Number of protein chains: 2
Amino acid sequence: MIERYRDFLPVTAATPVITLLEGNTPLIPAPSLAAKIGRDVKVFVKYDGLNPTGSFKDRGMTLAISKAKEAGAKAVICASTGNTSAAAAAYARRGGLRAFVVVPDGYVALGKLAQALVYGAEVLSIQGNFDQALEMVRLIADRYPVTLVNSVNPYRLEGQKTGAFEVVDALGDAPDWLCIPVGNAGNISAYWMGFNQYYQAGHSRKLPQMMGFQAAGSAPLVHGQPISNPETLATAIRIGNPASWELAMTAKTDSKGTFRAVTDEEILEAYRILASEEGVFCEPASAASVAGLLQCRDQVPAGATIVCVLTGNGLKDPDVAIKHSGNQIHTGLTANVEELAKVMGF
Amino acid sequence: MIERYRDFLPVTAATPVITLLEGNTPLIPAPSLAAKIGRDVKVFVKYDGLNPTGSFKDRGMTLAISKAKEAGAKAVICASTGNTSAAAAAYARRGGLRAFVVVPDGYVALGKLAQALVYGAEVLSIQGNFDQALEMVRLIADRYPVTLVNSVNPYRLEGQKTGAFEVVDALGDAPDWLCIPVGNAGNISAYWMGFNQYYQAGHSRKLPQMMGFQAAGSAPLVHGQPISNPETLATAIRIGNPASWELAMTAKTDSKGTFRAVTDEEILEAYRILASEEGVFCEPASAASVAGLLQCRDQVPAGATIVCVLTGNGLKDPDVAIKHSGNQIHTGLTANVEELAKVMGF
């Protein structure tokens, strides 16, 4: 990904490129979603769950780790129980760096952290809450030769903007709408940066409207104030006080876009539609982009081209899959062709 | 994938292409594995876990479902509790077909089946064993307008051979060794077919030696006879009587390759090395290819180029990840910078 977009990224010939060949993810046509909206719109999903560690975080992490290595770091650190910790661990270990992940006690049993552990992360579980974990990683990165790779690391957004480049490269222009889940608000900010840089370089003839969708129980940007106890089953966007608040507001305003809240029920409905009609299995948080599109379907201009960003792979969250699949199961059937055919409707 | 390799595939202008933009998966350099072997060998992993449903099965299923739709089928059926059922459901639903999955009672609770259910599969769970489930799907496909998409479907291997095409396209020639996990033996047969067709078309100057690796508790091709109770934690290759036995034997013999057995311990060791040194998280079964390479390391010719096929995504099997990760965890730490730094070794 760094090689492909080298001219737009803060790297030099001296930067060691730590890569898992991330990016280059498919922009999949979504004819079933388009049919639900009608008016000859075209809908695509940017399936970033097909990155090497299963989420868009890899785009930022390849750059963050490459720059850390260039700067001589021997270790990186982050506070995260989710996609960030997995990406940080995979790229750090590939680059020969140690990867420390600080989490509050009680998170170690979670499946998502298992991915980071498999990649060789060293997990430090502290007595305290997530804010204290964040404070610890900041202080450690200040005082010791350890690079912080949480979202405050500026290279993360620089890498993530390549998602916008790929969308333009695939479509031949920017879309009319870019629908995207908003949690920490880094990705919407990165995409907007990417669309602008590509536009200025003459690779697109227009800029998209940035349509940011938050989970209803975790929608500080919609409400205009931080949320102290954010709640949603879309854990990847369960963030009460987004790090990239100002950048995201600028993206919305300058693009004439909008922020909207979608309920967990709307998220799950979009999640099921994506899987069972389009054949695309994403994280619940990813489905917020599609839930938002469906909520705004009456405002979509006729003939518009719309891209919904799917940030993570559905395999990241098997519990939600088990609980919220269609569950079309018939058990205890006799091994008899006629009986089975009857159940099948023949 | 069908569009890219249309000239080599049994499709016509009339075939409706049902695709999730599968294939085009990264061929990732594995410098750490190469260093373990030495002698200037080059090692790559073909990370087919980055296909849309998380396994190489998508290559075969895009073709099988497209051909089923071309033939007018309204439904497909398979007996599978794993990657095949997920791929069948995703592509069938995307093509507007019903997807039936027949399993023996007792499998419905498994996480892998959840993926098929999310994609909209209709699961028929029968009183009986897996052989009876297979018999049922064969009989149903014979008598009703339902297409069988188990591995006996010839289009599955035709699609899977594109993995070999992509390897040659990425390297500019065939590798010297192709290391691959062997369960039902379809994929090794498909790769061999692909390498031969590409060689005959002048796209490569040589053919690889096909190095097939089976789990020790499930190694009928190594022992030369079916196994009645195959056992291995690498569930995706836990098969006692491979469907593509003869084709696989031909691939081995004609390529001057070999079949070897690797223990579950060797598989887990390779699984951990891949994740924690190369940053690549695969299914346990996938790691059999790397376990086999490491077992045969002394036979690798100096300067050889080796490709190990990683057939599935590690996220498919979170239980193994949780049980067999490095588990470098420190819990109950005080939220104090000096204490944490000490634990980190600073």
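**Entry 1**

I looked up Ile77(A) and found it opposite Phe100(A) in β4(A). The model is predicted; local features need pLDDT of at least 70, side-chain atom pairs count only at pLDDT 80 or more, and totals for chains, interfaces and linings use all residues. I count residues from 1 along each chain as its sequence is written, letter chains from A and number ligands from 1 in the order in which they are written, and take side-chain values from heavy atoms, with hydrogens and water left out.

β3(A) and β4(A) pair in the parallel sense over five bridges; strands pair if DSSP finds at least two bridges between them. Helices (H or I, at least four residues) and strands (E, at least two) are DSSP runs, numbered from the N terminus. I then followed the open sheet of five strands, and its order is β6(A)-β3(A)-β4(A)-β5(A)-β11(B), with parallel pairing. At the edges I find β6 of chain A and β11 (329-333) of chain B, each pairing on one side only. The twist averages 25° from one strand to the next.

α14(B) packs on this sheet and touches β3, β4, β5 and β6 of chain A as well as β11 of chain B; contact means heavy atoms within 4.5 Å. The direction of α14(B) makes about 160° with that of β11(B). Axes are lines fitted to C-alpha atoms, for helices over the stretch in contact, and angles run from 0 to 180 degrees between N-to-C directions.

**Entry 2: helix α5(A)**

I listed the buried residues of α5(A): Ala133(A), Met136(A), Val137(A), Ile140(A) and Ala141(A). They cover an arc of only 125° around the axis, which puts them on the same side of α5(A); the arc is that of the directions from the helix axis to the C-beta atoms. Buried means under 20% relative accessible area, exposed over 50%, partly exposed in between (1.4 Å probe, protein chains only). On the face turned away from the buried side I find the exposed residues Asp131(A) and Asp142(A).

The buried residues of α5(A) pack against β3, β4, β5 and β6 of chain A, together with α14 (337-344) of chain B. At the start of α5(A), a side-chain oxygen of Asn129(A) comes to within 3.2 Å of the backbone nitrogen of Asp131(A).

**Entry 3: Thr232(B)**

I checked Thr232(B) in the loop between α9 (220-223) and α10 (245-254) of chain B. Thr232(B) is buried, at a relative accessible area of 4%. Its side chain reaches the backbone nitrogen of Ala234(B) at 2.9 Å.

Methods:
Polar contact = N/O pair within 3.5 Å; in protein donor to acceptor, adjacent residues only side chain to side chain.
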